[in-house]
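This report is meant for a reader who is meeting the structure for the first time. Please look at the sequence and the model below before reading on.

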Amino acid sequence: MYRLVLYYLVALLGSALVLGLFRLLPQDPVALALSTVVVLIACWITNRVFAAVFHVPANNESVYITALILALILDPIAAIDLKGIGAIVLACVWAISSKFILAIGRKHLFNPAALGVALTALLLDQPATWWVGGNLPLLPVVLVGGLLIVRKLRRFDLVATFIAVALVTILATSEPSQYLTALRETLGSSPLLFFAFVMLTEPLTAPATWWPRIAFAAIVGFLFAPNIHVGSFYFTPELALLAGNLFAYAVSPKGRFVLTLERIEQSAADSYDFIFRSPRKLAFQAGQYLEWTLGLDRPDNRGNRRYFTVASAPTEDSVRLGVKFYTRSSAFKQALGMMKPGSTIHASQLAGDFTLPADPETKIAFLAGGIGITPFRSMLQYLIDSHESRPIVVLYGVETPDDVAYRDVLAAAQRELGIRTVLAVARGAARGQYPGYIDARLVGLAIPDYLERTFYISGPQAMVKALREKLLAMGVRRSKIKVDYFPGFA
């Protein structure tokens with residue numbers, strides 16, 4: 001996810017440089033190149049300094065994203081414009097330092113780029129011009145790349161709500177005779193789309209659950225309209241986002257956790273559970289996920305952050321992370337595999353709607369593939385510890401019998417709660433196991449009342465997509481299919 005955003009910003013800057021060379025943009029390509037170099041250096045140095053002072057992993061991808069956003073919204077500066085260079089440097093310092101200083105529980109409150117340009121405007125009278133959104137030749141790149149990001153994040157609801165509220169507010173505060181002009185300028189010559197695709201969707205400063213996310217988008221969309229003011233004070237795009245960030249913090253889980261590794265347990269072939277001790281109790285719902293961050297000296301192109309489901313139950317004292325390792329694992333997984341008891345990892349951004357229904361009488365079917373069993377392990381262990389029986393059937397697909405994870409939890413769920421697990425084994429199925437992958441035939445055999453059930457599907461993306469299509473073809477309503485999702489599936 002982060003790498004996609006980075007590529008998008010690089011594409012925008014590259015397009016702007018090329019268009020500037022052909023004089024299709026008013027921005028001087030030399031000044032733009034200079035500004036980009038200045039923000040990259042200033043942001044990188046600031047991040048390194050503060051990461052060392054606060055003893056946290058230095059996240060280079062995040063730094064480059066913030067730097068490139070600043071380059072795209074602050075006016076390019078000439079080499080002889082010392083005041084402009086100073087303003088850009090201070091914007092970078094304020095943006096990056098806010099991640100460390102303006103943080104509660106190790107979680108920063110504000111979108112860094114928005115805060116940096118807001119302070120520059122307030123203290124130095126050097127406001128952001130948001131030039132990336134005011135140039136029609138750049139609109140195709142803004143639109144295509146932005147839609148890819150929103151699709152990856154699955155945040156169409158967030159972006160659509162923001163744009164709808166912003167447009168309605170703009171029209172409501174305009175004269176009827178100016179409606180067409182207002183729409184044309186807002187969609188073609190304002191930062192609306194870039195702001196929505198890049199700034200609004202920033203995951204650490206936006207709510208992760210649905211209703212707070214929609215409310216957040218509506219608040220920012222309303223304040224984004226240029227005619228909204230309090231007395232003589234008018235909001236700018238960055239101020240609208242900062243106000244929304246305060247709301248997001250108020251309604252979101254608080255803080256970042258530094259977890260200490262206690263031990264490692266093997267759960268299946270090539271699958272391991274990393275069991276961590278938390279300095280304070282982690283309050284979450286079974287099935288939710290966290291963003292996990294490791295300090296990597298040599299990160300690969302996937303970066304040093306991953307989203308993983310919390311495999312432990314809310315009733316357990318430790319925090320459990322279940323991971324499957326492959327022959328050519330990423331740098332993140334290699335570093336994770338080298339952790340020893342006493343090593344630490346950073347976890348934040350607790351989120352996810354892949355949780356048990358509020359009604360305990362709801363009939364459920366869990367469909368898991370491989371290490372996709374982790375959210376179900378969390379739910380089943382929670383039900384076992386709570387002595388809560390629910391009408392659940394588990395279909396668990398693996399390649400070989402050795403790939404079955406959490407046998408103890410599955411057995412306890414059947415023994416204590418009557419929750420049955422049917423194993424689908426592609427190769428080497430034993431007696432009592434379904435030979436092959438989870439398919440429509442198995443669903444019909446194992447769950448005769450499948451049309452009455454709500455299906456939860458977790459596993460590799462290809463499997464999740466295929467099973468969802470099979471269930472729809474079998475007559476299961478779309479509203480009764482939930483799929484495990486978090487940004488940047490790992």
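## A nonpolar surface patch

In this predicted model, Val37, Ile41, Trp44, Ile45, Val49, Val53, Phe54, Ile101 and Leu102 form a nonpolar patch on the surface, and together they have about 790 Å² of accessible area. Patches are made of residues with over 30% relative accessible area and no salt bridge, with nonpolar side chains (Val, Leu, Ile, Met, Phe, Trp, Tyr) joined within 5 Å and like charges within 9 Å; accessible areas come from the Shrake-Rupley method with a 1.4 Å probe. Helix H2 (residues 29–54) gives the largest share of the nonpolar patch, 7 residues, where helices are DSSP runs (H or I) of at least four residues and strands (E) of at least two, numbered from the N terminus. Valine 53 is found in helix H2 and counts as exposed at 55% relative accessibility, given that exposed means over 50%, buried under 20%, and partly exposed in between.

Residues are numbered from 1 along each chain as its sequence is written. Local features need pLDDT of at least 70 and side-chain atom pairs count only at pLDDT 80 or more, while totals for chains, interfaces and linings use all residues, and side-chain values use heavy atoms, with hydrogens and water left out.

The structure holds 16 salt bridges, each being a side-chain nitrogen of Lys or Arg within 4 Å of a carboxyl oxygen of Asp or Glu. One of them joins the side chains of arginine 320 and glutamate 265 (3.3 Å, N to O), and this pair links distant parts of the chain, with arginine 320 in strand E9 (residues 319–324) and glutamate 265 in strand E5 (residues 257–268), 55 residues apart. Arginine 320 is buried, with a relative accessible area of 9%, whereas glutamate 265 is partly exposed at 30%.

Lysine 363 meets glutamate 452 in a salt bridge (2.8 Å, N to O). Because glutamate 452 lies in the loop between H15 and E15 and lysine 363 in the loop between E10 and E11, the pair ties together parts that are 89 residues apart in sequence. Glutamate 452 is partly exposed, with a relative accessible area of 48%.

Cysteine 43 is in no disulfide, and its nearest cysteine sulfur, that of cysteine 92, is 3.6 Å away. Cysteine 43 is buried at 0% relative accessible area, and cysteine 92 is likewise buried at 0%.

Note on methods: Disulfide = S-S within 2.5 Å. Buried < 20%, exposed > 50% of the residue type's maximum accessible area, 1.4 Å probe, protein only.
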